[in-house]
Amino acid sequence: STPSRPQPTHPLAAAPVTAPEATVDGFVEQFLRNLNNGRGVALSASTPNDRYFALAATVRDYLMARWLEDVRRQRTAQSKGVAYLSAEYLLGRQLDNNLLATGLTEIAGEALAACGLDIDEVRALEIEPGLGNGGLGRLAACFIDSLATMGVPNIGYGIRYEYGIFRQTFVDGQQVEQADSWLSLGSPWEFPHPEAAQTISFGGHTETYDDDGVTRSRWIPAWNVQAVPHNYMVPGYHNGRVNTLRLWSAQATQGFDLRTFNSGDYQEAVRAQTYAENISKVLYPEDSTPQGKELRLQQQYFFVAASISDFVNLILPRDFDLTRLPERVIFQLNDTHPVIGVPELMRVLVDERGLEWDAAWAITRECFAYTCHTLLPEALEVWPSDLLGRLLPRHLEIIYRINDEFLDEVRERYGDDEDRIRRMSIIAPDGAVRMAFLATVAGSKVNGVAELHSQLLREKVLPDFDEFFPGKFTNVTNGVTPRRFVKLANPGLSRLITDTIGPGWLTDLERLRELEPFADDASFRQAFASVKAANKRALAKTLHARDGLTVDDGHMLDVMVKRLHEYKRQTLKLLHIVSQYDAIVSGRVSPAEVTPRTFVFGAKAAPGYAMAKRIIHLINAVGEVVNTDPRVEGRLAVLFPPNYNVTLAERVVPAADLSEQISLAGKEASGTGNMKFALNGALTIGTDDGANVEIRQLVGDENFFLFGMTEPEVATLADGGYHPIDFVRADENLQSALDLISSGAFSGGDGSVFEPVVSNLVHHDPFMALADFTSYAAAQQKVDALYADTEAWTRSAILNVARSGFFSSDRSMRDYIDRIWHTPPVR
Ligand code: C3B
Ligand code: PLP
């Protein structure tokens, strides 16, 4: 039922919502009001958390009028918008970003100072919402920032996990996970709307019934939960636009099952509630390796069903003609996680709204598009049909029918090519549902996330589909938001850029090209180098305060931060460090000949990924020895600050000299960390993989340290039978480094501790780190040579910045809009 609309008579109540005055006085007044009325405390009695909440509320107040206006416009205008469906959003802290968007950063600082407070102390209290694992979740956060900044109607839909990605600690060098209770002190950025909860059903069975002579199907579910929306503001940069991120939280339908309660079984009554609320309890900490768990499928259906219902039943007008749905929305599937939305929309259209199957299918095929983020075959989700049938019986029926009709089309085209039909069937021979195939059949477009990835997706992962659906496959190379990752993270560089080429580049990043001529200007190089040096000092301060770590002055900062995964090859980097250490302690080189370097690692391992955890242990163990061995004379240091997250990324990236992007060619779909480093003036040492390929093409070979096999070379080596031991025998430095680890040099003399890592490399090496070692070491020598020439290095670093404008997520969004969404900005 629609609530009755108020009919105000007071002029204030009838007027549009206004923002507080954008002055120091206005800010102070609003801040104190929020502290007093919102927190119920006087300034003198306030805790740091009170102040943080009041500050957040104040920033919200400045955004509110614009948000209400945009929400209204979204409902009334007939324009098409993007519903981004993503199980992850790795947002990072909100306060600074929202201040930046409103242009209130300085006013807020002065206002707090006038209240006797240091805004830096207040902002340090914010716990970042870690509602994602890594690249995929961070990409979603960059995309919604860009859409708001470009004025494109968008709702981000996802899950409000009560516990985000675990907090990583090290105990004796080994990863120990702790719960991320990011909501424990409350969450000042969200607006919960329990009254607008959606009911989401599960289980039960289906039945057919006679509807005026037509046989129809319906779902009789067994249980349900409430999906409670929590809205977040997504402000555009300096454009007065605010989009919405809507995250769903699961709540039990009835607080208590009264009958059970009255019978005295209190625990049983509460159990149902706990079961329901488990759905949004915790983020699966797996990255690029899906968990075929029932709870995960529950999460996926839960948020997708709530989102589709929200859009179709609440955002669209009640009498909306659903055959025109494609004119109003495109549901973008961020990987396979939300693909259950395809049969869900069919169910809504056919079962709930009474559309004919064919009409519903035509609508559905226009309303979805699918982005694939991986090439690892084990990372493409499949759901056993018995599990799907138990949890979502009607959806399984719908999937079977979609598949039957699709395979009929395949037969029509190719005749009874049973082999092809088996290959293309959405249902695998073992009965499992291949979600990537379902998304490909249903999606109006399918895209990979970098040129090489999209090419391999077409040629190697889905070639039959590429042939069957000409024009369906496309590429959109990833991007990153320059607001957070240049302007906020690197204020020094931002100031230098604006002083040099003027403002405007932050929303038109290709303009960084105008910096190119300044690479040859000695005084600009000087200024650029001092920004980098200041960023390194700032990082040193952060790492010291955060983790008690020391960064020595004058060291090259060589950084590898990303999830710990064998395909990303942290071990390749580590083996090279060990070989440098080995060369010093064995007397092959003197410390004075070694370029002083600090190696920074940041990486979380999935809690169940044993090899990744062993590698973390080994990195810490190597650090412990190398950092304290007097023979090294402080020329090498290995730092591994725990709990790499967006907040730490914002400190590390601007300080880096060298960016390590060393995955096995063909395995990293794109990478986005690589883009952030290049944009902040680090040089990349990298393989020809993912977006590295495009970075190198843009910045130029002479400003990029390329090494390693190409993807076709990897394929050839694999086909011929890969024997890592051959590569060990061919490189005595490699042999010696492996021997040193095996000897127990990093494990108190006990060689057995890291034997599983060494033997996995020597006998299996699934990602061919050993095959690329020699080439990697040679590229590192080139790094040292260029670094010795400070002016030449700085010149290259400047050119990296100047030529990386392509990697703005604004450009990615334009590509999606032009090629896939057709959702122009709304002025
Ligand atoms: C990642 C990929 O591993 C990265 O190469 C890519 O840059 C990002 O997605 C964004 O496209 N990815 C991820 O973080 N989690 C997955 N489950 C799959 C891919
Ligand atoms: N994790 C965090 C916290 C990040 O900020 C990023 C940034 O892009 C990533 C993971 C992804 O890194 P990469 O693209 O190197 O895998």
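I began with ligand 2, where a backbone N or O atom of Gly-673 lies 2.9 Å from an oxygen atom of the ligand; I count such a pair of N or O atoms as a polar contact when they are within 3.5 Å. The protein covers 95% of the 400 Å² of accessible area that ligand 2 has on its own, with areas taken from the Shrake-Rupley method and a 1.4 Å probe.

Before going on, I noted that this is a predicted model, in which local features need pLDDT of at least 70, side-chain atom pairs count only at pLDDT 80 or more, and totals for chains, interfaces and linings use all residues. Residues are numbered from 1 along each chain as its sequence is written, chains are lettered from A and ligands numbered from 1 in the order in which they are written, and side-chain values use heavy atoms, with hydrogens and water left out.

**Ligand 2, continued**

I looked up two further contacts: a polar side-chain atom of Lys-562 is 2.7 Å from an oxygen atom of ligand 2, and a polar backbone atom of Thr-672 lies 2.8 Å from an oxygen atom of ligand 2. I then listed the shell, which holds 13 residues, with Lys-568 and Lys-676 among the closest; a residue belongs to it if one of its heavy atoms lies within 4 Å of the ligand. By class, I found four nonpolar, six polar and three charged residues around ligand 2, where Gly counts as polar and Asp, Glu, Lys and Arg as charged. Helix H24 (646–655) and helix H25 (673–679) each give at least two residues to this shell, helices being DSSP runs (H or I) of at least four residues.

**Ligand 1**

I turned next to ligand 1, which has 14 residues around it, the closest including Leu-136, His-373 and Asn-478. One of its oxygen atoms is 2.7 Å from a polar backbone atom of Gly-671, an oxygen atom is 3.2 Å from an N or O atom in the side chain of Asp-287, and a nitrogen atom is 3.3 Å from a backbone N or O atom of Ser-288. The protein covers 93% of the 420 Å² of accessible area that ligand 1 has on its own. I recorded five nonpolar, seven polar and two charged residues in the shell of ligand 1, and I saw that domain 2 (78–92 + 128–476) and domain 3 (513–806) each contribute at least three residues to it, the bounds coming from an automatic or database domain assignment.

Definitions and conventions:
A polar contact is a pair of N or O atoms within 3.5 Å; within protein, one must be able to donate a hydrogen and the other to accept it, and residues adjacent in sequence count only if both atoms are side-chain atoms.
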